[in-house]
Amino acid sequence: MEQWLKDDERLDYLLAEELRIIQSPSVFSFSLDAVLLSRFAYVPLKRGRIVDLCTGNGAIPLFLSARTQAEIIGIELQERLADMANRSVLYNQLDGQITIKQADVKGIAAQIGSEKFDVVTCNPPYFPAHEASDKNLKEHLAIARHEIHLTLEEAVCSASELLKQGGKVAFVHRPGRLLDIVTAMRANRLEPKRIRFVYPKEGKEANTLLIEGIKDGKPDLKIFPPLYVYGENGEYTEEVKEMLYGKE
């Protein structure tokens with residue numbers, strides 16, 4: 001076990017997928033957003049090519065691997081996070097399906113292929129670089145959470161460059177950026193087709209936005225039923241439990 005881990009890293013379970021993932025409290029741990037996006041995104045069952053942008057420690061490629069046999073490439077700028085992701089892929093013996101590439105999301109299509117991919121997923125940094133809310137974070141977390149190296153518009157542009165015509169893209173973001181993300185998508189030939197808002201619990205404001213678009217798709221937007229994370233008893237709702245732990 002020790003040969004897989006560095007410093008304060010730990011090996012956590014992805015229970016629903018029966019996989020393991022390397023995480024670190026000081027460097028990076030995936031959030032519920034990664035789970036939500038990986039379940040929301042369309043993926044082909046068998047054939048196809050998928051790219052996950054801003055892959056972090058590789059959670060979304062691992063989650064997607066349980067849903068599809070398609071080739072998956074994870075793109076991560078930070079060397080330490082990409083290394084964690086790659087070791088998780090190797091630990092789970094998924095290197096025949098998943099490739100982790102340390103690279104800048106900006107201009108990535110020039111490296112791995114323009115308009116060659118069927119699906120792109122992306123959990124981009126949420127906060128503007130000037131926002132001071134988490135300025136004391138360690139560098140790895142600051143880069144993952146703030147638009148220091150990648151803006152929303154740049155992420156959307158890269159996704160469009162990667163996608164085939166008719167390909168699908170799915171993002172997870174904050175509801176407050178809804179108009180920004182729709183504007184950016186339409187400016188880059190990505191027509192929004194599905195939206196789902198995620199709420200901490202009934203009666204609270206939405207705190208997460210899931211949105212999917214099709215490259216050069218026709219306008220026809222569907223708003224899906226709300227997803228509640230916690231019930232009145234303070235426990236996960238049945239839908240979220242199934243995402244995290246699988247069907248009983």
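**A walk through a predicted chain**

E115 is partly exposed, with a relative accessible area of 41%. E115 sits in the loop between helix 4 (109-112) and strand 6 (117-122). Its phi is positive, about 55°, although E115 is not a glycine.

The model is predicted: local features need pLDDT of at least 70, side-chain atom pairs count only at pLDDT 80 or more, and totals for chains, interfaces and linings use all residues. Residues are numbered from 1 along each chain as its sequence is written, and side-chain values use heavy atoms, with hydrogens and water left out. The predictor's confidence in each residue is its pLDDT, which runs from 0 to 100. The chain averages a pLDDT of 90, and 89% of the residues score at least 70. Over residues 132-136 the pLDDT is below 50, and this stretch has four contacts in the model beyond near neighbours in sequence. A contact means heavy atoms within 4.5 Å.

Now to the chain as a whole. It contains eight helices and eleven strands. Both are DSSP runs numbered from the N terminus: helices are H or I with at least four residues, and strands are E with at least two. Of the 248 residues, 50% count as buried. Among contacts between residues at least 6 apart in sequence, 68% join residues at least 24 apart.

D7 is exposed, with a relative accessible area of 72%. Like E115, D7 is not a glycine, yet D7 has a positive phi of about 50°.

Next come strand 1 (residues 10-14) and strand 2, which run antiparallel and are joined by five bridges. Two strands count as paired if DSSP finds at least two bridges between them. Strand 2 (residues 19-23) is mostly covered, with five of its five residues buried. In a regular strand the side chains alternate between the two faces of the sheet. In strand 2, L19, I21 and Q23 point one way while R20 and I22 point the other way, and all are buried.

Which residues of helix 1 are buried? They are D33, A34, V35, L36, L37, S38 and F40. Seven of the nine residues of helix 1 are buried, so this helix is largely enclosed by the rest of the structure.

Helix 1 also meets another helix. Two packed helices are described by the angle between their axes and the distance between the axes. The axes here are lines fitted to C-alpha atoms, for helices over the stretch in contact, and angles run from 0 to 180 degrees between N-to-C directions. The axes of helix 1 (residues 32-40) and helix 8 (residues 238-245) come within 10 Å and cross at roughly 90°. Helix 1 and helix 8 are therefore roughly perpendicular to each other. Angles under 35 degrees count as roughly parallel, over 145 as roughly antiparallel, 65 to 115 as roughly perpendicular, and the rest as oblique. Helix 1 contributes L32, V35, L36 and R39 to the contact, and helix 8 contributes V240, E242, M243 and L244. By class, six of these residues are nonpolar, none is polar and two are charged. Nonpolar covers Ala, Val, Leu, Ile, Met, Phe, Trp, Tyr, Cys and Pro; charged covers Asp, Glu, Lys and Arg; the others, Gly among them, are polar.

Further along, L150 is found in the loop between helix 5 (139-145) and helix 6 (152-162). Is L150 buried or exposed? L150 is buried, with a relative accessible area of 7%. Leaving aside neighbours within four places in sequence, L150 is in contact with C54, V105, K106, P125 and A155. L150 and P125 are 25 residues apart along the chain, and their C-alpha atoms are separated by 7.3 Å.

The last stop is strand 8 (residues 190-199), which is mostly covered: nine of its ten residues are buried. Strand 8 pairs with strand 9 (residues 208-215) in the antiparallel sense over eight bridges, and R196 stands opposite L210 of strand 9. With strand 10 (residues 222-223), strand 8 pairs in the parallel sense over two bridges; the partner of I195 there is I223. Strand 11 (residues 227-228) also pairs with strand 8 in the parallel sense over two bridges, where Y199 has Y228 as its bridge partner.

Methods
Buried < 20%, exposed > 50% of the residue type's maximum accessible area, 1.4 Å probe, protein only.
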